[in-house]
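Reader: I would like to go through this model term by term. Please set each value against its cut-off.

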Amino acid sequence: MLLAVYSAPALHSGRLHVVLGGAVLPHPAKADKGGEDAFLFDDKRCLFGVADGVGGSAKNGVDPGAFSREMLERCHQAAACGVADALPDALRLASECPLSGGGGSSTLVLGQLEEGTSTLRLLNLGDSGAMVLRPAMREVSGTDAKQLWPRVVLRTQEQTHGWNWPYQTRARTFDAVGKEVDEVSTAVREGDIVLAASDGVFDNLFEDALQFLVAERLDALRDPDPLAAQAAADALAQNIAEQAKAIGGMRDLKTPFSEAAQEEGRSHKGGKVDDVAVVCGVVRSGARPPLRLGHNFGGAPCVSEERPVVTHSGAFVPPGERTRDAAPAVGERTRDAAPAHGMPLAWLDLPRNRGPERNADARDGTFFVFPLSNVAHEMTRRDAVTRDSLPAWAA
């Protein structure tokens, strides 16, 4: 179930990038509203995230899924508008304005491979989590054979007040989320696998089970053909989600959730039926497949496409290329009529029916154009950016 596609040509570069895929499977009782987990992956920015709306908020008449999706969507918009220099800056910007709606709470995982580097930065709050796995040769027990096995080189640690009581950010305290998250980073290598998931995965699948599922896809993830690697990332995410959901409904086996309950002196057998959200990716270099954006901000996995920019001369500019005289189409906003210094333009898919600037003609959401930051332009500080450079909620 997915996906979003950026219609960009394959790129050739020696720099590292991440080819990502994702899946979300709602709790059976919450399927009609899309569940309460949110997920995001953005190949263009090597950015990914998962947010798990805490079900207890529903007692107050709040849809926890709406909260988790808006929070993750806002983090993506903050990262994409070009004002934030790094992932913590994007989270800070996203949290500076009150969230809409009547409340709610959620866990949060954000990750990004920083542009032009090998540094993967992770932000984590609560009991969702992220892992980095590195393929290495390992002996097969009882034989002389060896196999490629994904060993764990990094895993975020869950933050909990007690059993089944995770740390979470709330609507009224979202502006403090940057002080609450754990921030970890590591240097990744080509071939590393990254995984981010809600507790619907980690409560039902032990670490070695996740390693086995990754191992089954290693050959495809390492395929020289970037499209094959992209398909493998999709398949891995879907397989992990399906396995976690299946075990969640079983009562005759040991799970991480049942073990944790036993350690706390509580009685629980088998898995935990829950929403499941997972994003998987493989670190690669060289040619890239078509860049994609995947999310369920509208309540279900959606498809959006990066559109070409039309210049004053009427020529089409391929997505991702720079132009200094890009003219917006009807219903689009720009920082000014002609961004200076060749600043790149990026399409953002903003939610429908939000704010007075809604484009009534947009069927799949309202599309605006925002200039990204440029070294030659003083765009790194927020006070150097005009209101039209920011998402509506931050302007």
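Predicted model: local features only at pLDDT ≥ 70, side-chain atom pairs only at ≥ 80, totals over all residues.

Reader: Which residues of α8 are buried, and what covers them?

Author: In α8 (residues 256–263), the buried residues are Pro 256, Phe 257, Ser 258 and Ala 261. Buried means under 20% relative accessible area, exposed over 50%, and partly exposed in between (1.4 Å probe, protein chains only). The cover over the buried residues of α8 includes α4 (199–202). Across the protein chain, 54% of the 395 residues are buried.

Reader: Why is α1 called oblique to α2?

Author: Helix α1 (residues 64–80) and helix α2 (residues 87–95) pack at about 120 degrees, with their axes 8 Å apart. That angle makes α1 oblique to α2. Under 35 degrees counts as roughly parallel, over 145 as roughly antiparallel, 65 to 115 as roughly perpendicular, and the rest as oblique. The axes are lines fitted to C-alpha atoms, for helices over the stretch in contact, and angles run from 0 to 180 degrees between N-to-C directions.

Reader: Which residues meet where α1 packs on α2, and of what class are they?

Author: Arg 74, Cys 75, Ala 78 and Ala 79 of α1 meet Ala 90, Leu 91, Leu 93 and Ala 94 of α2. By class, this contact has seven nonpolar, no polar and one charged residues. Contact means heavy atoms within 4.5 Å.

Reader: What makes Asp 42 and Arg 45 a salt bridge?

Author: Their side chains meet at 2.7 Å, N to O. The definition asks for a side-chain nitrogen of Lys or Arg within 4 Å of a carboxyl oxygen of Asp or Glu, so the pair qualifies. Asp 42 has a relative accessible area of 0%, so Asp 42 is buried. Arg 45 counts as buried at 11%.

Reader: How do you know that Asp 63 and Arg 69 form a salt bridge?

Author: Their closest N and O atoms are 3.9 Å apart. Asp 63 is partly exposed at 26%, whereas Arg 69 is buried at 7%. The structure holds 16 salt bridges.

Reader: What parts does the Glu 207 and Arg 155 pair tie together?

Author: The closest N and O atoms of this salt bridge are 3.4 Å apart. Glu 207 lies in helix α5 (residues 207–216) and Arg 155 in strand β8 (residues 146–155), so the pair ties together parts 52 residues apart in sequence. Glu 207 is partly exposed at 32%. Arg 155 is partly exposed at 30%.

Reader: Is Cys 46 buried or exposed, and where does Cys 46 lie?

Author: Cys 46 is buried, at 7% relative accessible area. Cys 46 lies in the loop between β2 (37–42) and β3 (47–52). Its phi is near 50 degrees, a positive value in a residue other than glycine.

Methods:
Residues numbered from 1 in each chain as written. Heavy atoms only, no water. Helix = DSSP H or I, 4+ residues; strand = E, 2+ residues; numbered from the N terminus. Nonpolar A, V, L, I, M, F, W, Y, C, P; charged D, E, K, R; others polar.
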